[in-house]
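Hi everyone, thanks for coming.

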Amino acid sequence: MSKTRKGQEDIFEIKWKTDLPYRYSIGKLAVKFFEELKENKKILGSKCPKCEKVHFPPRAVCADCFIKMTLDDMVELPPRGTLEGFTVVNYPFTDPSTGGIRPFPYGYALFKLDGADTYTMHFVNETDVTKMKIGQRVEAVFNDELIGDLTADIPYFRIIKEEE
Ligand SMILES: [Zn+2]
């Protein structure tokens with residue numbers, strides 16, 4: 001414990017490190033998603049049997065009508081989509097997948113995969129905002145070696161021209 005002074009008030013700080021190991025079940029749909037990504041380089045979403053909304057990443061329960069989905073409701077989606085929003089990160093930020101500082105600047109985008117009704121976010125290979133536009137096409141870039149981890153297997157999406 002240390003005592004510091006800030007302005008006229010004393011601030012007490014208690015510093016400690018703690019270890020919080022935990023495990024949780026990701027569920028059958030997520031297991032299938034990661035297996036298909038790793039084994040067959042496929043991207044799966046889940047399609048609600050009631051409203052037919054396609055969720056990506058796959059969800060076990062439809063967010064609109066609360067219908068539970070099963071493995072039979074999983075659908076393959078193409079690795080391409082459309083940019084719906086974007087930013088360029090220009091400051092150090094902890095990468096939650098590594099715990100380290102991701103080299104910056106880097107592009108981060110909101111997009112919909114073709115056939116999906118929900119948005120997802122991922123890294124993009126562009127860092128010049130003047131070169132990004134809503135409606136641009138994006139495509140997943142896969143690693144050569146797939147391990148069943150979304151950000152490792154698809155480290156980023158690249159902006160493509162429509163004719164590609
Ligand atoms: Zn639904």
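**The zinc site**

Four cysteines give the zinc ion its protein donors: C48 (SG), C51 (SG), C62 (SG) and C65 (SG), lying 2.2 to 2.3 Å from it. By donors I mean N, O and S atoms within 2.8 Å of the metal (3.2 Å for Na, K and Ca), and water is not among the atoms, so sites may look incomplete.

A quick word on the source: this is a predicted model, where local features need pLDDT of at least 70, side-chain atom pairs count only at pLDDT 80 or more, and totals for chains, interfaces and linings use all residues. Residues are numbered from 1 along each chain as its sequence is written, and side-chain values use heavy atoms, with hydrogens and water left out.

Along the chain, its donors are spaced as C-x2-C-x10-C-x2-C. Why is the arrangement tetrahedral? Because the four donor atoms subtend angles of 100 to 127° around the zinc ion; for four donors, the term asks that all angles lie between 85 and 135 degrees.

On a 1 Å grid over the protein atoms alone, a cavity is a set of points where a 1.4 Å probe fits but cannot get out; a pocket is an open set with protein on both sides within 12 Å along at least five of seven lines, and lining residues have an atom within 4 Å of a point.

Now the pockets. The largest one has a volume of about 260 Å³. Of its 15 lining residues, D95, P96, Y108, F123 and T151 lie nearest its centre.

The second largest pocket comes to about 210 Å³. Who lines it? A30, F33, F34, P57, P58, S97, D149, L150 and T151. Domain 1 (23-77) and domain 2 (78-164) each contribute at least three residues to that lining, with domain bounds coming from an automatic or database domain assignment.

That's my tour, and I'm happy to take questions.

Technical notes. Tetrahedral: all angles 85-135°; square planar, octahedral: opposite > 155°, others 65-115°. Points joined across faces, edges and corners; volume = space filled by probe spheres on them.
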